[in-house]
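Subject: Structure for you, with notes

Hello,

Here is the structure I said I would send. My notes on helix packing, a cavity and a pocket follow below.

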Amino acid sequence: MTGPTVLPPDLLSRFQDDPDCPAGPVTLDDLAAHWLRAPLDGPVTWAQACAYVITEVPDWAWEFITCALPRLSSPMEAVLLAAGPVEDLVNSSGLIMIDRIEALAESSARFRFVLTGIEFPQTTDPALTPVYERIAQARATAMRRGITTGGPLPPSDNPA
């Protein structure tokens, strides 16, 4: 097994003007930690912008999500993960990521909880319909106590 993915220096150079952006190597796990600490009000931070950019690489987005998942400390953070990186991954790469999504949902109550916070947009892409149906099935057992009902954040499956 390899260690955490280190972000390319040229990617981080895009954010070097942000005073909070680290100067040294940054892993996807580091990014998840910074992203969760970013304030919700005020200007977009380097971590928020970088988290959006990495969604262009499905494996990076997945690693970011799985690094952020055990770090969640509140239902609001779960909402942010669901409505941001998870939803972006599903909508951009759901066809190639659905098996991983289902496997993690099967083993993680916390991930099932996060899945309750994603919305399925109206789509004209018939290929996405089965992805949304599979996610609906994967999160079904969590819906009664999920994000939309104000349920509590389940404990972490593996501590950060």
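**Helix packing**

α2 and α3 pack with their axes 8 Å apart, at an angle of about 125°. That makes α2 oblique to α3, since roughly parallel means under 35 degrees, roughly antiparallel over 145, roughly perpendicular 65 to 115, and oblique the rest. The model is predicted: local features need pLDDT of at least 70 and side-chain atom pairs count only at pLDDT 80 or more, while totals for chains, interfaces and linings use all residues. Residues are numbered from 1 along each chain as its sequence is written, and side-chain values use heavy atoms, with hydrogens and water left out.

Some terms. Helices are DSSP runs (H or I, at least four residues), numbered from the N terminus. Axes are lines fitted to C-alpha atoms over the stretch in contact, and angles run from 0 to 180 degrees between N-to-C directions. Contact means heavy atoms within 4.5 Å.

The α2 and α3 crossing is left-handed (the near helix is turned anticlockwise from the far one by less than a right angle). On the α2 side, Leu31, His34 and Trp35 make the contact; on the α3 side, Trp46, Ala47, Gln48, Cys50 and Ala51 do. By class, this contact has six nonpolar, two polar and no charged residues. Here Ala, Val, Leu, Ile, Met, Phe, Trp, Tyr, Cys and Pro count as nonpolar, Asp, Glu, Lys and Arg as charged, and the others, Gly among them, as polar.

Next, α4 and α5. Their axes come within 9 Å and cross at roughly 105°. The two helices are therefore roughly perpendicular to each other. From α4, the contact includes Trp62, Phe64 and Ile65; from α5, it includes Val86, Leu89 and Ile101.

Among the contact residues are Val90, Gly94 and Ile98 of α5, and Val131, Tyr132 and Ile135 of α7. Ten of the contact residues are nonpolar, two polar and three charged.

**Cavity and pocket**

How many cavities of 30 Å³ or more does a search of the whole structure find? One. A cavity is a set of points on a 1 Å grid over the protein atoms alone, where a 1.4 Å probe fits but cannot get out; lining residues have an atom within 4 Å of a point. Points are joined across faces, edges and corners, and a volume is the space filled by probe spheres set on them.

The largest cavity holds about 30 Å³ of space. Its lining is Trp62, Ile65, Val86, Leu89, Val90, Ile101, Phe111 and Leu115. All eight are nonpolar. α5 gives the largest share, four residues.

A pocket is an open set of points, with protein on both sides within 12 Å along at least five of seven lines. The second largest pocket holds about 230 Å³. It has 14 lining residues, and Trp35, Gln48, Leu80, Gly84 and Pro85 lie nearest its centre. α2 (28-37), α3 (46-53) and α5 (75-107) each supply at least two lining residues. Ten of the lining residues are nonpolar, three polar and one charged.

Best wishes
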